Number of protein chains: 2
Amino acid sequence: MKEYDVIVIGGSAAGIPAAITVRRHYPDKNVLIIRKEKQVSIPCGIPYIYGTVGSPDKNLIPDAVLEKNKIELMINEVNAINRQEKSIALNNGEIFFYKKLILATGSKPIVPSLSGVNLENVFSVKKDVDYLSGILNRLTKAKDLVIIGGGFIGVEFAEECNKNREINVTIVEMLPYCLNVAYDQDACEVAETQLKEQGIKVLTNERVVEIKGEQRVKSVKLESGKEIKADMVILGIGAQPNVDLAEKSGLDVDTFSGGIIVDKFMMTSDNNIFACGDCTCKSSFFTQKSPKLMLASIATTEARIAGANVFGLNRENPGTIGAFSTVLNNMAFAVAGLTEEVATELGYSIIKGEISGPNRHPGGMPGMMNLTVKLIFNKETKIIIGGQLFGAYNAGEMINVVSACIQSKMTAEQIALFQTATHPALTASPIAYHLVNAAEMAIKSTK
Amino acid sequence: MKEYDVIVIGGSAAGIPAAITVRRHYPDKNVLIIRKEKQVSIPCGIPYIYGTVGSPDKNLIPDAVLEKNKIELMINEVNAINRQEKSIALNNGEIFFYKKLILATGSKPIVPSLSGVNLENVFSVKKDVDYLSGILNRLTKAKDLVIIGGGFIGVEFAEECNKNREINVTIVEMLPYCLNVAYDQDACEVAETQLKEQGIKVLTNERVVEIKGEQRVKSVKLESGKEIKADMVILGIGAQPNVDLAEKSGLDVDTFSGGIIVDKFMMTSDNNIFACGDCTCKSSFFTQKSPKLMLASIATTEARIAGANVFGLNRENPGTIGAFSTVLNNMAFAVAGLTEEVATELGYSIIKGEISGPNRHPGGMPGMMNLTVKLIFNKETKIIIGGQLFGAYNAGEMINVVSACIQSKMTAEQIALFQTATHPALTASPIAYHLVNAAEMAIKSTK
């Protein structure tokens, strides 16, 4: 009978930092990760396999990080949890006992119940190295690729698949804009221009009604009547929590999000079982409404909470802020917290400040590019609730300044007095620094 | 008799944002800037005139920003302030009345009382376009340049003057390392390696005792007895507040720093006169000791406080954090708050967390570079008091995340749970994100 202090089921963006956090906070406890994948794809890197990075084996999370933190690793599948006995059973019947269990079972792609969805050359985006290799093989022969869904996965796949290939790429998106769940219309319009400039076709306000073909896909039929030629289809319409094991074990699962219900300590309905990452139900930093966000960065934060709490409730989840970024056509797009549209939808009275200007000073410094920043504040409290950035790559870390401001509940006044490090080769001038001036513009709007 | 609501004396990194802030916060008030320079050099851009940017006229703060904000501009020199009458007199005898006055008179370079300091081809770094053009002219003919002082100005001048020129550049620094006032020894060592790799000679622990020559400089003599050939010398040993006008007007000036004494509202000893930027005495965010920091970014923050307070005390100076960055040999160096060495010197008991890792994920993404991060926390309160970063350009904005954390007095626990936006093309992976892991390492060190 083999017992571990902590067993983590799942070994990706949630499982790894959960295990590392246990080892950092409880250095005398032993930890076992059980995962079913021989190799783990970096989740956010998956689209880049098909262009910039070149192959699935160049997009792996190295197991060295586990060795370094003295975490045991087992490649296997867990079949059942015996909560009374505090044990888990592998597919091969082997049984391991745990003191504490962390579920980090992730998500699986949503496959719509469309006619033709099972045709050959129709792919979803599974985090499975062999499956992802299969997509790459097929892509080398594809002439007409249709991507269903213009969210992050959809647009990033479109751009990467379009790189250095003789291929027609079309995105079909239900909403009025690609990325409209994440960004306001102003940023979405710029993003679509970036896609179109690369020759990618973007069809918005369009719903797929059928994937047509015999054995192999031949076309995609839209509600508007249009039919798009396709010898390959990628489904990028989102993911759902993978809660098979949790449900089988009788843990509480949320009906709205489909995720495992956890409290602010990331504890499930069983005191000895914690959960983190895509498989859990989220709580919002802002409202009582649980956001349907699945991000590796959220998973790691939740993992650090779960891992630190297994032997003592030390950390509380402040709720999900939602901070994410992407790059299209060498232009960065980033958001943290609520967009203007979402904030208004949620009923907030807001004030906002907008600034556009260069990311270097003077403008002749190398790497000069424009950056547009919008900050959103609660009109009543003047506390920041969101920010949206697009343009220069500075956005990649500047959005984390915004996230820090949101997390600290800073007011427009505090951000206006924010003390920045600036340098000609790295940032805007201190006179023009975007965040400070956007805060000032929001304050000015109240004068 | 001409009267203005607000007159600002000085039109650089303090004067401009002070005037803009007045206009933003009091849109019905008129504002006049009086400055003596026809054109204003971007202060932090000055070293880049000599390499990357190419000439002083490509490093100017555009006056358009004043027009846009409906600020009047007058090029002239103020000779006296009549505080009873609330008026200022120009050199030509003209008189203007003010309701409120803002002094933003900046600083002037420290010229040591060394023998030979007035020889031809010995330059200090004056923020004067004609003078800076003179340096450029001379530089085209120089063969042996000695830079006295290895602070920011010194090392940036060294690198830029060395670019695309047949020239021997030597830095002479009194301290054990270049940049040692700003960074800990670990970063200084890396910075010096970057300088040396470009063929720049670095002499540390060396003090200049004489600048030798007849009419023109010929060599620089050191206390150690060494003598370095020089046909050009640049003095980069710092600056002192320019308080001539303030002293003449009987405003209180601090004897230690030499700066105009201001309260937390940036008000001088006269209720109708505010001051901001290099000409003022600083207060520290951390201690009661006034730091001798002169940075454009500090100037702009102080200007935004002064400008907002002229007709009502709305904003308080939280004290200077000190956040700055530079680039040497395409490697960024950035710091915010206290370094390990300074914190220890000030008597803090500290804990620290250090992390080194790539700025992209996977490593095959373009722009991949290493980034080393150290965070310093007060051991007792676990509140962050400083951070030092060097490596990838991400440091340029990431240091502003650190500054936001310091400004919000975040604890190591809060930073460990910091919600970041991450993306393969822009940042480290969320598992490896530097700030979060540095905070975790600091927490781990207490277990």
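A residue counts as buried if 20 or more other C-beta atoms lie within 10 Å of its own. Keep that cut-off in mind. This is a predicted model, and the tour starts with one residue in it.

Take Ile200(A). Where does Ile200(A) sit? Its place is in the loop between helix 5 and strand 11 of chain A. Is Ile200(A) buried or exposed? It has 24 other C-beta atoms within 10 Å, so it is buried. Leave aside the neighbours within four places in sequence. Ile200(A) is then in contact with Ala158(A), Glu159(A), Asn162(A), Val169(A), Ile171(A) and Leu195(A). Now look at Ile167(A). Along the sequence, 33 residues separate Ile167(A) from Ile200(A). In space, their C-alpha atoms are 9.5 Å apart.

Step back to helix 5 of chain A, which runs over residues 185-197. Its 13 residues, at 1.5 Å a residue, should span 18 Å.

Now move to chain B and its helix 4, residues 152-161. Ten of its ten residues are buried, so the helix is largely enclosed by the rest of the structure. Among them are Phe152(B), Ile153(B), Val155(B) and Phe157(B). Glu156(B), Glu159(B) and Glu160(B) are buried in this helix too. What covers them? The cover includes helix 3 (129-139), strand 9 (144-148), strand 10 (168-172), helix 5 (185-197), strand 15 (232-235) and strand 18 (323-328) of chain B.

Chain B also holds an open sheet of three strands. Their order is 12-13-14, and the pairing is antiparallel. Strand 12 (208-214) and strand 14 (227-229) of chain B are the edge strands, and each pairs on one side only. From one strand to the next, the twist averages 30°. Strands of a sheet pair through backbone hydrogen bonds, either parallel or antiparallel.

Follow strand 12 of chain B against strand 13 (residues 216-222) of chain B. Six bridges join the two in the antiparallel sense. Val208(B) stands opposite Leu222(B). Gly213(B) stands opposite Val217(B).

Last, see how the chains meet. How many residues of chain A touch chain B? On chain A, 69 residues are in contact with 69 residues of chain B. Several elements of chain A give two or more residues to this side, including helix 1 (15-25), helix 7 (296-309), strand 18 and strand 19. Helix 9 of chain A gives the most, with ten residues. By class, this side of chain A has 37 nonpolar, 23 polar and nine charged residues.

How values were computed:
Residues numbered from 1 in each chain as written. Chains lettered and ligands numbered in written order. Predicted model: local features only at pLDDT ≥ 70, side-chain atom pairs only at ≥ 80, totals over all residues. Pairing = 2+ DSSP bridges. Helix = DSSP H or I, 4+ residues; strand = E, 2+ residues; numbered from the N terminus. Axes fitted to C-alpha atoms, helices over the stretch in contact; angles between N-to-C directions. Expected span 1.5 Å × (residues − 1). Buried ≥ 20, exposed ≤ 12 C-beta atoms within 10 Å, placed from the backbone. Contact = placed C-beta atoms within 7 Å. Nonpolar A, V, L, I, M, F, W, Y, C, P; charged D, E, K, R; others polar.
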